[in-house]
Amino acid sequence: MIKDSSQYLCVNTFDSDDEEKSFDDARPKSHILRMRPMLSHGALICTSLLFFALWMGTPSPHLRDDIPVYSPAIVAVEPVILRFNGSLDFPSIYRGSPSPELDAAWDRIAGDVLPTRMSLEEILKAGDVDSPSKVKYPAKLDGDFMVSMEAPHQLHCLNLLRKASWPEYYRHTDISFQDEPEVVRMHLDHCIEMIRQNIMCNADVTMITWDWVQGHNIPYPNFNNRHQCRNYEKILDWADKHAVHIDSSEVTRLDDTIELPLPFYPGSLGV
């Protein structure tokens, strides 16, 4: 923490005749002449310290666009530089025809992540409010609020869109597609909208280069570039470590609970 810059301010030095007289009264003039370079250097050093303190106290422009909303999981955020693989035929474990192995890979990163908890102080710190509609844990968990992370939910939405692209397979194996058609459509639209908001919220300004590619008469974008990322595995580890293991029967409505109207929260979608 930078201390008050006033502590770096020097006592003013003077170069007036009156000031020289006061030195003359106490010291020989030659001594004063010897001191002048020292005083000049001292003033220069103090001025440099002052500007350094002011510079250090100026907010960095690199932090201005990345002020995080409070989350207890922020301690798990580990920046990493990753090179994306945007090749059209990249053999990712997350793509391909439906199979138990493919579903297992997606379930690991986008499956049901157990909720964790936040205290009232943390809820307020995150800019939220103490609403009577919010779910709270029983007294043995200090009456903390039930919370969960956004990232697994966003990946759940992406996984739902992936499954929707294979309707013949998942129509019979996934409960999400066995509801009324209008409910399925609402769920899909919800997921599209959540992903859109997230992409625009975290707008990636990484530059994509373009290349001349054999067989193409126009430039082709190269999506295999480096990105500033977060270590998702570490975030999953944090979620697992801080998950609240409690029987659902212990999470009950309190006497002062106020339920939100159904149109506000389409709980039938299971999202």
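Helices (H or I, at least four residues) and strands (E, at least two) are DSSP runs, numbered from the N terminus. I started with the loop between helix 5 (120-125) and strand 3 (145-147), where I found D142.

**Ground rules.** I am looking at a predicted model, so I noted that local features need pLDDT of at least 70, that side-chain atom pairs count only at pLDDT 80 or more, and that totals for chains, interfaces and linings use all residues. Residues are numbered from 1 along each chain as its sequence is written, and side-chain values use heavy atoms, with hydrogens and water left out.

**Entry 1, D142.** I checked the backbone of D142 and got a positive phi of about 65°, although D142 is not a glycine. Is D142 buried or exposed? D142 is exposed, at a relative accessible area of 61%. For the cut-offs, I wrote down that buried means under 20% relative accessible area, exposed over 50%, and partly exposed in between (1.4 Å probe, protein chains only).

I counted up the secondary structure and have 9 helices and 6 strands. The chain has 271 residues, and 21% of them are buried.

Two packed helices are described by the angle between their axes and the distance between the axes. Here the axes of helix 4 (residues 100-110) and helix 6 come within 8 Å and cross at roughly 155°. Helix 4 is therefore roughly antiparallel to helix 6. Axes are lines fitted to C-alpha atoms, for helices over the stretch in contact, and angles run from 0 to 180 degrees between N-to-C directions. Angles under 35 degrees count as roughly parallel, over 145 as roughly antiparallel, 65 to 115 as roughly perpendicular and the rest as oblique. On the helix 4 side I listed L102, D103, W106, D107, I109 and A110, which meet P152, L155, H156, L158, N159 and R162 of helix 6. By class, this contact has 7 nonpolar, 2 polar and 3 charged residues. Ala, Val, Leu, Ile, Met, Phe, Trp, Tyr, Cys and Pro count as nonpolar, Asp, Glu, Lys and Arg as charged, and the others, Gly among them, as polar.

I then turned to helix 6 (residues 150-164) and helix 8 (residues 181-201), whose axes come within 9 Å and cross at roughly 125°. That pair is therefore oblique. The residues of helix 6 in this contact include H153, C157 and L161, and those of helix 8 include H187, C191 and I195. The classes come to 10 nonpolar, 6 polar and 1 charged.

I found E250 in the segment after helix 9 (232-241). E250 is partly exposed, with a relative accessible area of 30%. What does E250 touch, not counting residues up to four places away in sequence? The partners are P138 and K140. E250 and P138 are 112 residues apart along the chain, yet their C-alpha atoms are separated by 6.8 Å.

My last stop was K241 in helix 9. K241 is exposed, with a relative accessible area of 69%.

Notes: Contact = heavy atoms within 4.5 Å.
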